[in-house]
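We will go stop by stop.

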Amino acid sequence: MRPLARQVAALLFCAPEAVPIGDLADALEVEVQDVDEALAEIADRFGEDELGIVLREVAGGYALASDPDADGAVRRLLSKPRTPPLSQAQAECLAIVAYLQPVSRPEIGRIRGVNSDSPVSTLEERGLIEEKGRSQFGAILYRTTPLFEKLFGLADLGALPDFRAFEPSAQDAEELRAKLLKAGEQRAS
């Protein structure tokens, strides 16, 4: 492939949208006719049944696109969430906000027993929680967003599981306490 065709392909690969031929010519500081020849070379190289990538003329410009035969696989790949999973601290903060909203950072920190500024900020950046106003003392109050409901498959907040179902009974709590004390004694000896 000629150098100009490689440069045009690189521009199309990096562009988030279709690029008009005039914009390609301006970026490469060449004539439109030269870009047109380079596009023809790219179309031959990335033709149907070749590499899985095709050149398309769309929306008044040109773009590289996936081969139509790969559409199903491409959709499945791109439909997967791209953000990393929540850390334990973020999950704890999100649960607190979901169940107690509106709730402030100081309240979240008191419940968790540690500073929760960083996980709360991350949840806000990811669009899972948002500001709801201010408490009577001036602290920012947080609530979950529609994105939270969408990602967790909730019709509304009423669909959250009842947290009391996860609360141990008095007998379970006593058994757990005894096991922890026994483990601590064994560790000490």
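A salt bridge here is a side-chain nitrogen of Lys or Arg within 4 Å of a carboxyl oxygen of Asp or Glu. Keep that cut-off in mind for the first stops. Remember too that this is a predicted model.

**Stop 1: Asp117 and Arg105**

Select Asp117 and Arg105. Their side chains meet in a salt bridge, with N and O 3.9 Å apart. That value counts because the cut-off is within 4 Å. The pair links distant parts of the chain: Asp117 sits in helix α7 (residues 117-125), and Arg105 sits in helix α6 (residues 105-112). They are 12 residues apart. Is Asp117 buried, partly exposed or exposed? Its relative accessibility is 38%, so Asp117 counts as partly exposed.

Arg105, Asp117 and Glu124 are linked in a network of salt bridges.

**Stop 2: Glu41 and Arg2**

How many salt bridges does the structure hold? There are five. One of them joins Glu41 and Arg2.

Show the surface around the two residues. Glu41 is partly exposed, at a relative accessible area of 21%. Arg2 is partly exposed as well, with 39%.

**Stop 3: Arg143 and Glu130**

Next, select Arg143 and Glu130. They form a salt bridge, and the closest N and O atoms are 2.8 Å apart. Where do the two residues lie? Arg143 is in strand β5 (residues 140-144) and Glu130 is in strand β4 (residues 129-134), so the pair ties together parts 13 residues apart in sequence. Glu130 also stands opposite Arg143 in the strand pairing.

Check the surface again. Arg143 counts as partly exposed, at 31% relative accessibility. Glu130 counts as partly exposed too, at 27%.

Side chains of opposite charge can pair when their charged atoms come close.

**Stop 4**

Find Val103, which stands opposite Tyr142 in β5. Then find Ser104, which stands opposite Leu141 in β5.

In what order do the three strands lie? The order is β3-β5-β4, in an open sheet with antiparallel pairing. β3 and β4 stand at the edges, each with a single partner strand, so one side of each has no neighbour in the sheet.

In a regular strand the side chains alternate between the two faces of the sheet. Turn on the side chains and look along the strands.

**Stop 4: the other hairpin**

Strand β1 (residues 53-58) pairs with strand β2 (residues 61-66) in the antiparallel sense, over six bridges. Which residue of β2 is the bridge partner of Val58? It is Gly61. β1 and β2 form a hairpin with two residues between them. Click on Ala59 in the turn, which has a positive phi of about 50 degrees.

**Stop 5: two surface patches**

Switch to the surface view. Select Glu31, Asp34, Asp36 and Glu37. They gather in a patch of negative charge on the surface. Glu31 is found in the loop between α2 (21-28) and α3 (32-45). It is exposed, with a relative accessible area of 57%.

Now select Tyr99, Leu100, Ile111, Phe163 and Phe166. They make a nonpolar surface patch of about 540 Å². Zoom in on Phe163, in the loop between α8 (146-151) and α9 (170-188). Phe163 is partly exposed, with a relative accessible area of 46%.

**Last stop: Ala173**

Select Ala173 in helix α9. At 36% relative accessibility, Ala173 counts as partly exposed. Ala173 and Gly109 are 24 Å apart in space and 64 residues apart in sequence.

Technical notes:
Residues are numbered from 1 along each chain as its sequence is written. This is a predicted model: local features need pLDDT of at least 70, side-chain atom pairs count only at pLDDT 80 or more; totals for chains, interfaces and linings use all residues. Side-chain values use heavy atoms; hydrogens and water are left out. Patches are made of residues with over 30% relative accessible area and no salt bridge: like charges are joined within 9 Å, nonpolar side chains (Val, Leu, Ile, Met, Phe, Trp, Tyr) within 5 Å. Accessible areas come from the Shrake-Rupley method with a 1.4 Å probe; for residues, only the protein chains shown count as cover. Lys and Arg count as positive and Asp and Glu as negative; His and the chain ends are not counted. The place of a charge is taken as NZ of Lys, CZ of Arg, CG of Asp or CD of Glu. Helices (H or I, at least four residues) and strands (E, at least two) are DSSP runs, numbered from the N terminus. Buried means under 20% relative accessible area, exposed over 50%, partly exposed in between (1.4 Å probe, protein chains only). Two strands pair if DSSP finds at least two bridges between them.
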